[in-house]
Amino acid sequence: MNKKSCSFHNEEELRDEQADSVSAAYSPPSDKDSSALLAFRGIPSLPRQISELKSHSTLQALTTEANGWAPGATRFFLHLPAVQHAGIMSTEVLRAQEEWEAVDSIQLETGSQTSSDQSGQLISFSEALQHFQTVDLSSFKKRIQPTIRRTGLAALRHCLFGPPKLHQGLREERDLVLTIAQCGLDSQDPVHGRVLQTIYKKLTGSRFDCALHGDHWEDLGFQGANPATDLRGAGFLALLHLLYLVMDSKTLLMAQEILRLSRHHIQQFPFCLMSVNITCIVIQALREECLSRECNRQQKVIPVVNSFYAATFLHLAHIWKTQQKTISDSGFVLKDLEVLAKKSPRQLLKTLEIYLARVSKGQSSLLGAQKHYRTQAPHCQELTFTGVCDLPPRSSEGTWLN
């Protein structure tokens, strides 16, 4: 007999001895418990059968707090002590464990969430945008001012030397962007909730939903526990831009790098609040027709606006890192960034293209070595942040008044 056969028989004898010792120490399961196991094996592994499984006494015994079980646990893994406590030790139980875990994994993959009113499914940018394309936004559309009103020499200068006007066929798409910027965050709207959940999960890597209000939003760089309070000047468009950033694999890498930069022990800044300010710059550039030439060239508005947002955020991160900026510089950085963004949008977009091309080859990194980055962002109350909305008012030409 070869070594493998001997090893196999030794393992068989060892298992028989373990089974005999367990049988001697504990009484066999009752008929009621055995019928529970048989019923368990016969139930298909689908989420809707979970309530039936939990009705059996054996399974309830396995999910109690005895022998180290935590109260309120939603899974039961059949560890040996718990199995012994219930008087069960067989391959039937192991099969039961596998089937239960299969059911639980289906719940996680489909985003089933019993403890939250919000759906756990991620939402794509196109699905969120479609929501705004189908709901009635007429009350918000009345508030928009699609272009900057210029008078006198400013109007003449813009007419002679300014960017071209947006094509007539693209103005409805532009107006939709500006209308979304007028919409606030509605925690009662399931789509709004899913957008927030998706942003949170993608940035943190969490598989589970979070509360729509709470300190965890401060960890991502909002000023308070309610993200809705930080959207002034940008509205829900600010959240759509974050959603766009995290739902593409290449821009998600960029977002995660900027998030790590925001947690630098010296150069820290509130990530989401900075993103809202970038969206404000994008809105202003769109209204001042700085993006019209590129929109006309591509015959699109929303994709250009999204790319311009990402390009502007990338440039800010580059300036912030390479010039060793800190939170006290935020107002000046944003002021200079807005001037550059309006003057050279094509340059920013080209830089983004180069960066994303390098990311796809695994060559690009904003941060390099990651020695001094916190795992959590400092709360905004600890930082003195000056955003676009806190800067001096602009003139009719879109320049800053000093």
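Student: What makes the contact between the side chains of Arg 346 and Glu 294 a salt bridge?

Tutor: A salt bridge requires a side-chain nitrogen of Lys or Arg within 4 Å of a carboxyl oxygen of Asp or Glu, and because the N to O distance between Arg 346 and Glu 294 is 3.5 Å, the pair meets that definition. This is a predicted model, in which local features need pLDDT of at least 70 and side-chain atom pairs count only at pLDDT 80 or more, while totals for chains, interfaces and linings use all residues. Residues are numbered from 1 along each chain as its sequence is written, and side-chain values use heavy atoms, with hydrogens and water left out.

Student: Why is Glu 294 called buried?

Tutor: Buried means under 20% relative accessible area, exposed means over 50%, and partly exposed lies in between (1.4 Å probe, protein chains only); Glu 294 has 8% relative accessibility, so it counts as buried.

Student: And why is Arg 346 called partly exposed?

Tutor: Its relative accessible area is 36%, which therefore places Arg 346 in the partly exposed class.

Student: How do you know that Lys 350 and Glu 353 form a salt bridge?

Tutor: Their closest N and O atoms are 3.8 Å apart, and both residues lie in helix α19, 3 residues apart, or about one turn of the helix. Salt bridges with shared partners join Lys 350 and Glu 353 into one network with Glu 294, Arg 297 and Arg 346.

Student: Why does Lys 350 count as partly exposed?

Tutor: Lys 350 counts as partly exposed because its relative accessibility is 42%, and Glu 353, at 40%, is likewise partly exposed.

Technical notes. Helices (H or I, at least four residues) and strands (E, at least two) are DSSP runs, numbered from the N terminus.
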